[in-house]
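User: I'd like to learn how to read the ligand surroundings and the backbone of a model. Could you take me through it step by step?

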Amino acid sequence: MDPDIVSHYAMGVEEDRLSTWGRLERERTLDLLGRFLPPAPATVLDVGGGPGVYAVHLARAGYDVHLIDPVGLHVEQARAASAAQPDAPLGSAELGDARALAAGDRSVDAVLLLGPLYHLVDAKDRRRALREARRVLRPGGVLAAAAISRFGATIDGLATEAFRDPGFEAIVEADQRRGHHRNPDVTDRPEWFTTAYFHLPGRARGRGPRRRLRARGARRGRGRRPLPGRSGPLAGGPRAAGSPHARDRARGVRTLLARREPTPARGRPRLSPARA
Ligand SMILES: C[S@@+](CC[C@H](N)C(=O)[O-])C[C@H]1O[C@@H](n2cnc3c(N)ncnc32)[C@H](O)[C@@H]1O
């Protein structure tokens, strides 16, 4: 694994991301999972599950959840989160890599790939991760995969003061050229993220001239659906999570995003919303 990715996550940046500036992403993800995952009880493999925010939420909702992540700190944090809810613990939390899953063929009902695809810079590795997800899914199982837009850092830089720093401008230039995001100051500027591959939105969504993300195994067995956008250009907002209007703004943003979905909502949300 790229040592910059390990250094970035070893700083503990993921622990509170989804309860601070990433709350919109959390709410939107839970909303989508609630609609697209098979109903509980079902087995979910959370690949690159980080500290286990989604995994423990799903376990509380009645799923048998197994988490893997290559970062030791994340596995420890996921185990701690699991131990904190003894009546709905995780099935397991282990070190692992999306490119070589330990799970057996056709052994799970859903795979979450909410991280690995944007940290695997080499297209061959992303294909391996998708092949592995497909291998472990039962027929009719669901793969929920996340990609980051090639314009993500640009939009983030415009919404913040980041472009004042020429170092950030250089990073974004490289993003735009080939989608390869690299942060030369991974420990001093963790907010500039770490090594990643940023997809062109049309490719990740299933449009565009070449083979696409969704065409590589979005759903096993019963055909494929385009992926709805998770949080679009509003991923980081509203940043002022503690402001009096943050909750209303987040609700408004979620409504807007839901209207943009290319796939009509399937069913009603089944997971309880994240705490705002
Ligand atoms: C931004 S975090 C997302 C965590 C969580 N899935 C979420 O959506 O909040 C990205 C995660 O991908 C993991 N990751 C990076 N490369 C990976 C790989 N090759 N296989 C599995 N996980 C990987 C990282 O360790 C990290 O936990």
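Analyst: Gladly! Let's begin with how residues are classed: Ala, Val, Leu, Ile, Met, Phe, Trp, Tyr, Cys and Pro count as nonpolar, Asp, Glu, Lys and Arg as charged, and the others, Gly among them, as polar. Keep in mind that this is a predicted model. By these classes, the shell around the ligand holds 11 nonpolar, 6 polar and 4 charged residues.

User: Which residues come nearest to the ligand?

Analyst: Among the 21 residues around the ligand, the nearest are Gly-48, Gly-50, Ala-98, Leu-114 and Gly-115. Two elements, α1 (3-10) and α5 (116-119), each give two or more residues to this shell.

User: Now the backbone, please. Which peptide bond is cis?

Analyst: Most residues other than glycine have a negative phi, and most peptide bonds are trans. Here, the bond from Ala-40 to Pro-41 is cis, its omega being near 0°. Look for Pro-41 in the loop between α2 (23-36) and β1 (43-47).

User: And phi: where is Arg-106 placed, and is Arg-106 buried or partly exposed?

Analyst: Arg-106 is not a glycine, yet its phi is positive, near 50°. You will find Arg-106 in the loop between β3 (92-95) and β4 (108-113). Arg-106 counts as partly exposed because it has 14 C-beta neighbours inside 10 Å.

User: How many C-beta neighbours does Phe-193 have inside 10 Å?

Analyst: Phe-193 has 23, so it counts as buried; the cut-off for buried is 20 or more. Phe-193 also shows a positive phi, about 65°, without being a glycine, and belongs to the loop between β6 (180-181) and β7 (196-197).

Methods:
Residues numbered from 1 in each chain as written. Predicted model: local features only at pLDDT ≥ 70, side-chain atom pairs only at ≥ 80, totals over all residues. Near = placed C-beta within 6 Å. Helix = DSSP H or I, 4+ residues; strand = E, 2+ residues; numbered from the N terminus. Buried ≥ 20, exposed ≤ 12 C-beta atoms within 10 Å, placed from the backbone.
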